[in-house]
Amino acid sequence: NYFSVSSDGRVTLWTMSKNELQYQDVMELKLTGITSEEGDEQEETSLVGLAGGCCMDFNNKSEHLFLVGTEEGRIHKCSKA
């Protein structure tokens, strides 16, 4: 089993079973707006859609936790549980 992240915003679990590669989408990375210095979310940057994933890393001490980085510069804390 292994996980992948893609630029279309999907985190996918891949499993090889009986010579067949199967996949299951485990989460979608939601696109979020940029927050200003005052803490107010700017409406023009609040978009509806999925954030493009570009990297991921698993926690060495907690196997179920991992981080996903997006093309927009955000980091999402995720869990396999």
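**View 1. T12 and its surroundings.** Leaving aside residues up to four places away in sequence, T12 touches Y2, F3, S4, Y23, Q24, D25 and V26; a contact means heavy atoms within 4.5 Å. The model is predicted: local features need pLDDT of at least 70, side-chain atom pairs count only at pLDDT 80 or more, and totals for chains, interfaces and linings use all residues. Residues are numbered from 1 along each chain as its sequence is written, and side-chain values use heavy atoms, with hydrogens and water left out. T12 sits in strand β2. Strands (E, at least two residues) and helices (H or I, at least four) are DSSP runs, numbered from the N terminus. T12 is buried, at 3% relative accessible area. Buried means under 20%, exposed over 50%, and partly exposed in between (1.4 Å probe, protein chains only). The T12 side chain also makes a polar contact with the side chain of D25, at 3.0 Å. Such a contact is a pair of N or O atoms within 3.5 Å; within protein, one must be able to donate a hydrogen and the other to accept it, and residues adjacent in sequence count only if both atoms are side-chain atoms.

**View 2. The loop between β2 and β3.** K18 lies in the loop between β2 (10–17) and β3 (20–28). N19 is found in that loop too. K18 has a positive phi, near 50 degrees, without being a glycine. N19, also not a glycine, has a positive phi of about 60 degrees. K18 is exposed, with 84% relative accessible area. N19 is exposed at 76%.

**View 3. A nonpolar surface patch.** Y2, M16 and L21 make a nonpolar patch of about 330 Å². Patch residues have over 30% relative accessible area and no salt bridge; like charges are joined within 9 Å, nonpolar side chains (Val, Leu, Ile, Met, Phe, Trp, Tyr) within 5 Å. A salt bridge is a side-chain nitrogen of Lys or Arg within 4 Å of a carboxyl oxygen of Asp or Glu. M16 belongs to strand β2. M16 counts as exposed, at 56% relative accessibility.

**View 4. The whole chain, for orientation.** The protein chain has six strands and zero helices. Buried residues make up 19% of its 81 residues. Its accessible surface comes to about 6,100 Å², of which 48% belongs to carbon and sulfur atoms. Areas come from the Shrake-Rupley method with a 1.4 Å probe; for residues, only the protein chains shown count as cover.
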